[in-house]
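Okay, everyone, I've got one structure for you today. Have a look at it on the screen and then I'll talk you through it.

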Amino acid sequence: MMKHRHLDKISDLESNKESYESSIQKHKESLRFLTKEEFYQRYQEFSQKKENRLNQITYEKKQIQVETRVLLQAEEAIKQAKIREISSHYPDLKTAGKYLTYSNALRLEQYHDTAQQNQFRLSTIKQSLDAHPKKLDEFKKHQTMVRIEKEHVSTMRKEVEKLASVEKKLDELDRNPGEKAKRLVSKKARQDYEELQSEAKYGRENLKELGYKGQQDLQQQQSRMNTMEKTVVPWLEKEIKTHESNINALNTVFNAIQQATRSEEITQQRDQLGRMRSTTINRAKNKGPDLSR
């Protein structure tokens with residue numbers, strides 16, 4: 001039994017050996033070595049290549065860092081030059097220009113190019129900012145009035161069509177002798193007729209309240225509304241859009257200038273507090289301890 005166990009173990013080991021040798025043979029072919037000495041030689045070669053490659057990567061990383069730093073400095077210099085150029089068009093940024101962010105500077109440049117002016121003062125921008133909403137409200141009021149008038153004409157037209165339909169039914173009933181006789185004997189027929197009469201009466205009163213002056217007047221109002229739909233309404237929409245765009249642009253410019261001036265004020269206050277604190281500390285040091293006690 002012991003012999004059989006050992007024979008089985010020997011068989012397993014031989015099988016494993018063959019598997020390892022087969023696997024090693026594949027590596028021998030791909031890595032080009034035949035003996036153990038050649039294997040270690042190839043290992044040294046690969047290790048050296050790895051070391052050289054790592055050194056090269058480290059060097060390239062340092063080069064990239066240097067070039068990145070140079071590019072960032074160049075980018076910052078270009079941005080600062082752009083900020084100074086744009087700030088020159090805004091007198092309020094004479095000293096606060098360096099506190100202007102690049103993104104805000106681009107917004108100021110866009111407004112400068114759109115407005116096509118040379119100098120922009122915060123007070124002038126504020127006046128324009130106060131004036132535009134009033135004009136915008138006026139255009140929106142006109143737009144509302146046009147919409148109300150359109151709805152009024154539409155309502156009037158529907159009421160006229162409704163009344164015409166009811167009067168047509170009444171006329172047909174009045175011209176039909178059989179319907180007249182039916183109303184004399186049928187309570188329901190009589191109620192239906194009276195309901196139509198009440199509906200016609202209500203329609204006439206409603207049109208009177210709407211200011212209806214006849215079919216010709218309604219056609220004239222409808223024609224006028226069609227003309228307004230083609231000319232006045234698009235013009236109002238364009239003006240409203242323009243004023244809203246101007247308000248947004250002015251708000252952006254106003255906030256950008258204010259942000260820069262506030263940053264300048266905060267920096268100046270912080271520097272002043274630092275100088276005061278430094279002066280106080282120096283005085284305390286020069287005074288020294290009181291030895292009279």
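This is a predicted model: local features need pLDDT of at least 70, side-chain atom pairs count only at pLDDT 80 or more; totals for chains, interfaces and linings use all residues.

So, how many aromatic pairs does the structure hold? The structure holds two, where rings of Phe, Tyr and Trp (its six-membered ring) pair if their centres lie within 6.5 Å, and planes under 30 degrees apart count as stacked, over 60 as edge-to-face and the rest as tilted.

Residues are numbered from 1 along each chain as its sequence is written, and side-chain values use heavy atoms, with hydrogens and water left out.

Now, the fold. The protein chain has eight helices and zero strands; helices (H or I, at least four residues) and strands (E, at least two) are DSSP runs, numbered from the N terminus. The radius of gyration of the protein chain is 47 Å, well over the 19 Å that the globule rule gives for 293 residues, so the chain is more spread out than a compact globule. That radius is taken over C-alpha atoms, and the rule is 2.2 Å times the number of residues to the power 0.38. Along the principal axes, the C-alpha atoms fill a box of roughly 130 × 105 × 55 Å.

What about burial? Of the 293 residues, 20% count as buried, meaning under 20% relative accessible area, with exposed over 50% and partly exposed in between (1.4 Å probe, protein chains only). As for contacts (heavy atoms within 4.5 Å), among those between residues at least 6 apart in sequence, 70% join residues at least 24 apart.

Okay, back to the rings. First up, F39 and Y40: their ring centres are 5.3 Å apart and their planes sit at 70°, so that pair is edge-to-face. F39 is partly exposed, with a relative accessible area of 35%, and Y40 counts as partly exposed at 44%.

Then there's F139 with W235. Here the centres are 5.5 Å apart and the planes are at 75°, so this pair is edge-to-face. F139 lies in helix α4 (residues 122–174) and W235 in helix α8 (residues 232–287), so the pair ties together parts that are 96 residues apart in sequence. And buried or exposed, for F139? F139 counts as buried, at 15% relative accessibility, whereas W235 is partly exposed at 44%.
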